[in-house]
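Let's walk through a protein model together, one question at a time. Take a look at it first.

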Amino acid sequence: MTFSRAPRSITLAAGTLAAALALTACTSGTKGVSGGGGDTNFVAGNGGILTVPKSERKAVGTMAGKTLQGAPLDVADLKGKVVVLNVWGSWCGPCRTEAPHLNKVSEDLKARGVEFVGLNTRDISPQPAVKFEQDNGITYPSLHDPAGEIILNGFPKGTLPPQAIPSTVVLDREGKIAARVLKAVSEEQLRSMIDPVLAEK
């Protein structure tokens, strides 16, 4: 009998996350920015970018599933690399605006050990999201997360969760959250988030 409770609670939690993301969808500022609860120890940076001192960082939870193309992908397999997670939806105008910047930086830094992973949410069917990728020349993979379950599991209490669409989170080589921004980003902003983490030893 306990088997029916877990899926229901996960579904309810995912629904709560989806509702929260819906309220802040396609924001252009950082009003109401906060962590996932508890002491996040983040430091405000320029342009709404929040950073976490290396000694205070927390690891993401399980972030695994299938890409928009149906291939398995587990963010944990990317440990040892700097990982950039971008939450987006095909219906989101600011997501379209930032897409060329994300793709350019992804291609520029791949050889230096930086991996980009999209977290596509609220696209029930993958087809519009795949078309979005094709239209914008996106070359890195995106996990298909229509109900926000991967996002919910990936950002436990006390971390810096993505609370808007779009949001971008940078993980250090240990899979810990180093920086976050809750708006569409420019190439310059992206590099300002990634470069300090990439320079860490």
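Here come some questions and answers on this chain.

Q: How many helices and strands does the secondary structure of the chain come to?
A: A word on the source first: this is a predicted model, where local features need pLDDT of at least 70, side-chain atom pairs count only at pLDDT 80 or more, and totals for chains, interfaces and linings use all residues. Residues are numbered from 1 along each chain as its sequence is written, and side-chain values use heavy atoms, with hydrogens and water left out. Helices (H or I, at least four residues) and strands (E, at least two) are DSSP runs, numbered from the N terminus. Going by that, the chain has 5 helices and 9 strands.

Q: What share of the residues in the chain is buried?
A: Buried means under 20% relative accessible area, exposed over 50%, and partly exposed in between (1.4 Å probe, protein chains only). The chain has 201 residues, and the buried part of them comes to 43%.

Q: Which residues touch the most other members of the largest nonpolar core?
A: A nonpolar core is a set of buried Ala, Val, Leu, Ile, Met, Phe, Trp, Tyr and Cys residues joined through side-chain atoms within 4.5 Å. The largest one here has 48 residues, and the two touching the most other members are Leu85 and Ile194.

Q: Which element gives the most to the largest nonpolar core?
A: Of the 48 residues in the largest nonpolar core, two or more come from each of several elements, including H2, E6, H3 and helix H5 (187–198). The top giver, with 6 residues, is E5.

Q: Why do the buried residues of H3 lie on the same side of H3?
A: The buried residues of helix H3 are Ala129, Phe132, Glu133 and Asn136. They end up on the same side of H3 because the arc they cover around the axis (taken from the directions from the helix axis to the C-beta atoms) is only 95°.

Q: Which exposed residues sit on the face of H3 turned away from its buried side?
A: The buried residues of H3 pack against E5, helix H2 (93–109), E6 and E7. The face turned away from that buried side carries the exposed residues Gln127 and Gln134.

Q: Which residue of E7 does Asn120 stand opposite?
A: Two strands pair if DSSP finds at least two bridges between them. Strand E6 (residues 114–121) and E7 pair in the parallel sense over 4 bridges. Opposite Asn120 stands His144.

Q: Which residues of strand E7 point the other way from Ser142 and His144?
A: In a regular strand, side chains alternate between the two faces of the sheet. In strand E7 (residues 142–145), Ser142 and His144 point one way, all four residues are buried, and pointing the other way are Leu143 and Asp145.

Q: Is Thr67 buried or exposed?
A: Thr67 lies in the loop between strand E3 (64–66) and E4. Contact means heavy atoms within 4.5 Å, and among the residues in contact with Thr67 are Leu73, Pro141 and His144. Because its relative accessibility is 8%, Thr67 counts as buried.

Q: Is Lys79 buried or exposed?
A: Lys79 lies in the loop between strand E4 (72–74) and strand E5 (82–88). Not counting residues up to four places away in sequence, Lys79 touches Arg173, Glu174 and Gly175. Because its relative accessibility is 56%, Lys79 counts as exposed.
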